[in-house]
Amino acid sequence: MTRKKVLGSHVKRLLSGVSDHGRKHLTEVETDLVQTGFLLEEAIEKLSFNFMAIHAAVAAQQDTIALLLEGGIPAEQQREKLLALQDEVGGYVNAAITSLQFQDMTSQLIERTLKRVTGLREFLGTLGSHGAEMLPESDNEEIVALLGRVSMALAIQSLELRSVLRKAVSQQHMESGDIELF
């Protein structure tokens, strides 16, 4: 194989490697951002529902409370309804608090996304710093050796980045409280 073909082969392999590693990490960033969006959407829906249900339950208690404030004695049915609404409000508050667990999950997803973006920046910085070592007067053997070092450094960085980051957040329905962060 001629030196030109050897050099071309190394350049092609390096560029393909950079493209593959970058694409994989950017796909993970995209996945984390989509998952964060889903978590936020579901949590906001659950919070809205529970706060509206709390409001409705409190409003339903107002007639009995007004009667009590006027010195009246509520009927047994009103007393039972008041007690039932108290439990209902407690359930809605608990459900709203469970929905707030999304904050921890989204924080972790955002932190992981930022780490991945930082890793990609370092990855490209490595490419740039090694590229600066290549001089116009470098012969093919020096260029091939440099490309080999760059490829190896980038592969190691990519593996290190992947090993630092955890896999996707697994989340069940929030109302069940069954949330698995990683």
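At what angle do the axes of helix α3 (residues 102-133) and helix α4 (residues 140-164) cross? This is a predicted model, where local features need pLDDT of at least 70, side-chain atom pairs count only at pLDDT 80 or more, and totals for chains, interfaces and linings use all residues. Residues are numbered from 1 along each chain as its sequence is written, and side-chain values use heavy atoms, leaving out hydrogens and water.

**View 1. Helices α3 and α4 cross at roughly 170°.** Their axes (lines fitted to C-alpha atoms over the stretch in contact, with angles from 0 to 180 degrees between N-to-C directions) come within 10 Å. That makes the pair roughly antiparallel (an angle over 145 degrees). Contact (heavy atoms within 4.5 Å) involves residues including Phe123 and Leu127 of α3 and Leu154 and Leu161 of α4.

**View 2. Glu111 and Lys115 pair up in a salt bridge.** Their closest N and O atoms are 3.5 Å apart, against a cut-off of 4 Å between a Lys or Arg side-chain nitrogen and an Asp or Glu carboxyl oxygen. Both sit in α3, four residues apart, about one turn of the helix. Glu111 is partly exposed at 44% relative accessibility (partly exposed lies between buried, under 20%, and exposed, over 50%, with a 1.4 Å probe and protein chains only).

View 3. Arg23 is partly exposed, at 49%, and so is Asp20, at 36%.

**View 4. Confidence is lowest in strand β2 (residues 179-180).** Mean pLDDT (the predictor's per-residue confidence, from 0 to 100) is 47 there. Across residues 172-182 the pLDDT is below 50.

Terms used: Helix = DSSP H or I, 4+ residues; strand = E, 2+ residues; numbered from the N terminus. Parallel < 35°, antiparallel > 145°, perpendicular 65-115°, else oblique.
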